[in-house]
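Trainee: I am new to this structure and would like to go through it step by step. Where should we start?

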Amino acid sequence: SGGQPTPAPHHAPGPTPGPFPPAPAPVGPAPATTAGFGAALATGATRSGPRGGGGRAALLIGGLALAAAAIALGGWWVGGAGLSGLTDGAKASRGRKVASSSNATSRPGLRKPALGLKALDDYHDPKGASISNLKSSSLWATAARDFAEASKQKGAPIRWKAALHFAKCQEALVKEARDRGIAACKKAAAVDPNWATPHSALSGALSRKGDLQGALKEAEAAQRLEPKWWRPVAMSAAAYSRAGKLDEAIQEYRRALQLAPDNAVVLGELALMYHAAKMDSEAQRYADRALAADPDLVPVRLMRAERALERQQGKLALSEATRAVSVAPKYLAARLAFADAHALLGHRDQAMDEYRKVIELRRKGGDQGAPKARLDQIEAALKADRLPPPRHAARSAPGRTRPRAPRSRPSPAAPRRSRPDLGNQEF
């Protein structure tokens with residue numbers, strides 16, 4: 001109407017900027033709650049009458065609306081999608097989705113560490129060939145280099161920097177450099193305190209070191225950070241298992257199964273626990289379910305080969321051990337079962353060749369969880385150019401079909417099998 005233009009409103013300041021640039025302006029129509037006021041503020045059309053009283057009221061309301069929108073956006077950016085404050089499971093259920101969310105995509109030129117993110121995704125929910133692949137030190141070394149390069153970029157998510165240390169942790173643990181791996185995982189947890197994954201890995205490393213309480217503490221920390229993830233609960237179970245507390249381990253694995261009812265890894269671990277507890281019917285039931293979900297679960301194939309060897313079922317033992325060796329040819333325990341199956345069937349030459357491979361693997365990588373006395377026995381027999389005595393001279397007693405009342409120690413009259421130490425093939 002020819003008067004002075006309405007002065008631009010003074011908006012409330014937004015949230016304190018975080019370590020990343022502000023979110024880009026949305027493309028397309030603005031949300032309905034602010035679109036009308038935004039257009040009015042830009043054109044001055046909110047004034048009503050010569051003094052613009054209605055305009056001032058609209059400006060006040062519009063400013064408050066925009067300030068609220070800015071605060072909401074800031075909360076989403078810094079506390080929600082911003083990886084420095086994002087907890088696993090809050091916005092994503094996969095390591096890859098968490099690590100590559102909007103802080104990375106907000107910068108068009110930011111290169112994603114695709115290989116490293118895939119390794120995290122596989123660790124978060126291992127299945128199929130990824131279970132064996134995760135035990136490759138070269139995979140984790142490459143992932144570490146990928147994260148190292150990507151995290152140098154300006155605006156790189158803090159999660160990528162933490163993932164660099166996590167990849168180094170996994171590489172060290174695969175190489176059995178446990179202390180170095182524990183130190184790297186602790187650094188990953190310190191860089192990104194809201195990330196459950198390093199705590200889960202720490203739990204496994206500490207339990208293998210014999211620190212039950214430390215392992216349970218780290219597993220609980222991971223559960224608090226990501227309560228819907230099955231793996232931290234399974235890590236508690238594994239810690240109990242290594243401490244010989246099979247009843248507690250079975251209870252925890254069943255709790256993990258509630259979080260992931262069809263997860264092949266959890267089903268497989270339950271099968272191993274029931275096998276160790278001599279509950280063979282239950283072991284078979286869960287093994288069948290696990291292999292139906294993932295036919296290449298090496299530990300479950302090995303368990304079935306062990307049961308067949310106990311029952312002097314050479315053909316079945318050879319079939320299961322062959323499947324395990326085909327997936328993990330450098331896994332000493334699988335190669336040992338393969339050799340034992342050949343020996344049981346009277347295949348002397350094949351058995352001798354396989355026993356030699358077992359000892360070669362031992363010299364390169366240690367016992368890998370296989371019984372030391374048994375390996376010593378095999379090595380002595382090979383030096384004398386003869387077959388070692390059979391691993392199972394008689395059939396084992398039939399397994400229980402239902403758990404007995406919980407007890408901390410097995411009865412001397414009915415000793416439990418030791419849980420197969422899976423060494424480098426552990427889930």
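Trainee: Is the crossing in which α15 passes α16 left-handed or right-handed?
Mentor: Helices here are DSSP runs of H or I with at least four residues, strands are runs of E with at least two, and both are numbered from the N terminus. A crossing is left-handed if the near helix is turned anticlockwise from the far one by less than a right angle, and right-handed if clockwise. For α15 passing α16, the crossing is left-handed.

Trainee: What kind of model is this?
Mentor: Residues are numbered from 1 along each chain as its sequence is written, and side-chain values use heavy atoms, with hydrogens and water left out. Local features need pLDDT of at least 70 and side-chain atom pairs count only at pLDDT 80 or more, while totals for chains, interfaces and linings use all residues, this being a predicted model.

Trainee: At what angle do the axes of α15 and α16 cross?
Mentor: Axes are lines fitted to C-alpha atoms, for helices over the stretch in contact, and angles run from 0 to 180 degrees between N-to-C directions. The axes of α15 and α16 come within 10 Å. Their crossing angle is roughly 145°.

Trainee: How many charged residues does the contact of α15 with α16 have?
Mentor: Contact means heavy atoms within 4.5 Å. Asp280, Ala283, Gln284, Ala287, Asp288, Ala290 and Leu291 of α15 meet Val300, Arg301, Met303, Arg304 and Arg307 of α16. Ala, Val, Leu, Ile, Met, Phe, Trp, Tyr, Cys and Pro count as nonpolar, Asp, Glu, Lys and Arg as charged, and the others, Gly among them, as polar. By these classes the contact of α15 with α16 has six nonpolar residues, one polar and, as for charged ones, five.

Trainee: How are α14 and α16 oriented to each other?
Mentor: α14 and α16 (residues 298-310) pack at an angle of about 25°, with their axes 9 Å apart. Angles under 35 degrees count as roughly parallel, over 145 as roughly antiparallel, 65 to 115 as roughly perpendicular and the rest as oblique. The angle therefore makes α14 and α16 roughly parallel.

Trainee: Which residues of α16 make the contact with α14?
Mentor: From α14 the contact takes Gly268, Ala271, Leu272 and His275. On the side of α16 the residues are Pro299, Val300, Met303, Glu306, Arg307 and Glu310.

Trainee: How are α12 and α13 oriented?
Mentor: The axes of α12 and α13 cross at roughly 170° and come within 8 Å. That angle makes α12 and α13 roughly antiparallel.

Trainee: How many nonpolar residues does the contact of α12 with α13 have?
Mentor: Among the residues making the contact are Trp230, Val233 and Tyr240 of α12 and Leu246, Tyr253 and Leu259 of α13. The contact has two polar residues and three charged ones, and its nonpolar residues number eleven.

Trainee: Is Val233 buried or exposed?
Mentor: Val233 sits in helix α12. Leaving out residues up to four places away in sequence, Val233 touches Gln223, Glu252, Arg255, Ala256 and Leu259. Buried means under 20% relative accessible area, exposed over 50%, and partly exposed in between (1.4 Å probe, protein chains only). Because its relative accessibility is 2%, Val233 counts as buried.

Trainee: Which helices do the buried residues of α13 pack against?
Mentor: The buried residues of α13 include Leu246, Ile250, Tyr253 and Leu257. They pack against α12 (230-242), α14 (264-276) and α15 (280-293).

Trainee: How far apart are the end C-alpha atoms of α13?
Mentor: The expected span of a helix is 1.5 Å times one less than its number of residues. The 14 residues of α13 (residues 246-259) should therefore span 20 Å. In agreement with this, the end C-alpha atoms are separated by 20 Å.

Trainee: What is the phi of Lys278?
Mentor: Most residues other than glycine have a negative phi. Lys278 lies in the loop between α14 and α15 and is buried, with a relative accessible area of 18%. Although Lys278 is not a glycine, its phi is positive, at about 65°.

Trainee: How many residues of α5 are buried?
Mentor: α5 (residues 114-124) has eleven residues and is largely enclosed by the rest of the structure. Among its buried residues are Leu117, Leu120 and Tyr123.

Trainee: What share of the residues in the protein is buried?
Mentor: The protein has 20 helices and zero strands. Of its 427 residues, the buried ones make up 49%.
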